[in-house]
Amino acid sequence: MTEATTPSETPAEVTDDELARAGALYYLVRWGLGPLARLIYRPRIEGAANIPRSGPIILASNHLSFIDSFVLPLFAPRPVYFLAKSSYFEGGGLAGWFSNRFFRALGATPVRRGAGQAALDALDHQRRILQSGRAIALYPEGTRSLDGRLYKGRTGVAFLALETGAKVVPVGISGTNDAMPVGAKWPALSPRVTIRYGEAIDLSGHGPASSGRARRQATDEIMTAIHALSGQELANAYNEVPAQNPVERLKQVLPHERR
């Protein structure tokens, strides 16, 4: 799997039939790779009973390593869907075909680069998956933590939860940054991975999705729960992708909602 995409990318259209086929492939990959992954990483999985076996749910996890997106779908008790960069689905030849099928089998759906409306389009795509009664996984920090600290959450997860009524299951992952540190080409085979699922959170008491205050408070509640599960040091800042131009640098400096 790949690192969850940020709101700077626009989702390609994915039909219910494609999602259903991805779910079927998910089980094939799970039966094939799941036992092998369990043998290698001997995962400690705590609180799996906190994940409802049906209905819309959002797994909101910390993000330490590229392999987090393998670990979550392989060890979750139900299919979990991600957004992933379209380049992983569009390669040619046998390698491209295998990459396409493999990422779909893990529950990934492709998104294409975009701008402007792209953030709302990505949220709309994920909302449709939730409204179909499925589960999605997101990283509220937006991207991997390079220093192991837990960064402030962006409000997209809370927006989706408040908009759809889906509950949020906080997730704390540890050990994946040892198994595959940033910059490593292949995962190591010895570090043990731990996944802790917290109790499902109903965020509806914070207010409507249209309220910025509600989104911020709901996001902070999610991040507090993730912190309790992961035990990471708090960064008390956003995990910003390096600005590519002066306009982006200005946007990062000015107050704005991080989605």
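I take two strands as paired if DSSP finds at least two bridges between them, and I keep in mind throughout that this is a predicted model.

**Entry: strand 3 and its partners**

I looked up strand 3 and found that five bridges join it to strand 7, residues 167-174, with the two strands running parallel. In strand 7, Lys167 is the bridge partner of Ile57. On strand 6, residues 135-138, I counted four bridges to strand 3, again in a parallel arrangement, and there Ala137 stands opposite Leu59.

I then asked how many of the residues of strand 3 are buried. Five of the five residues, 57-61, turned out to be buried, so I describe the strand as largely enclosed by the rest of the structure. In a regular strand the side chains alternate between the two faces of the sheet.

**Entry: the nonpolar cores**

Which residues touch the most other members of the largest nonpolar core? That core has 26 residues, and I listed Ile58, Ile136, Val157, Leu160, Val168, Leu203 and Ile222 as those touching the most other members. The elements giving two or more residues to this core are strand 3, helix 4, strand 6, helix 5 (156-164) and helix 7. Apart from this core lies another one, of 24 residues, and among them I found Ile57, Leu74, Tyr139 and Tyr197.

The buried residues I wrote down for helix 2 are Asp68, Ser69, Val71, Leu72, Pro73, Leu74 and Phe75.

Leaving aside neighbours within four places in sequence, I saw Gln126 in contact with Leu83, Ile136, Leu138 and Leu160. I also noted the separation of Gln126 and Ala137, which are 11 residues apart in sequence and 9.6 Å apart in space from C-alpha to C-alpha.

**Entry: salt bridges**

My search of the whole structure gave four salt bridges, and I looked at some of them in detail. Side chains of opposite charge can pair when their charged atoms come close.

- I found the side chains of Arg196 and Glu46 meeting in a salt bridge at 3.0 Å, N to O. This pair links distant parts of the chain, since Arg196 lies in strand 8 (residues 194-197) and Glu46 in strand 2 (residues 44-46), 150 residues apart. Arg196 counts as partly exposed at 28% relative accessibility, and Glu46 likewise counts as partly exposed at 36%.
- I recorded a salt bridge between the side chains of Arg149 and Asp147 at 2.9 Å, N to O. Arg149 is partly exposed at 27% relative accessibility, and Asp147 is partly exposed with a relative accessible area of 42%.
- I noted that Arg216 forms a salt bridge with Asp220, the closest N and O atoms being 3.0 Å apart. Because Arg216 and Asp220 are four residues apart in helix 7 (residues 212-230), they are separated by about one helical turn. Arg216 is partly exposed, with a relative accessible area of 22%, and Asp220 is partly exposed at 37%.

**Entry: the surface and the whole chain**

On the surface I picked out a nonpolar patch formed by Leu33, Leu36 and Leu39, which together have about 280 Å² of accessible area. Leu39 belongs to helix 1 (residues 16-41) and is exposed, its relative accessible area being 65%.

For the protein as a whole I noted eight helices and eight strands, and found that 49% of its 259 residues count as buried. The protein exposes about 12200 Å², of which carbon and sulfur atoms supply 56%. Among contacts between residues at least 6 apart in sequence, I found that 82% join residues at least 24 apart.

Note on methods:
Residues are numbered from 1 along each chain as its sequence is written. This is a predicted model: local features need pLDDT of at least 70, side-chain atom pairs count only at pLDDT 80 or more; totals for chains, interfaces and linings use all residues. Side-chain values use heavy atoms; hydrogens and water are left out. Buried means under 20% relative accessible area, exposed over 50%, partly exposed in between (1.4 Å probe, protein chains only). Patches are made of residues with over 30% relative accessible area and no salt bridge: like charges are joined within 9 Å, nonpolar side chains (Val, Leu, Ile, Met, Phe, Trp, Tyr) within 5 Å. Accessible areas come from the Shrake-Rupley method with a 1.4 Å probe; for residues, only the protein chains shown count as cover. Contact means heavy atoms within 4.5 Å. A nonpolar core is a set of buried Ala, Val, Leu, Ile, Met, Phe, Trp, Tyr and Cys residues joined through side-chain atoms within 4.5 Å.
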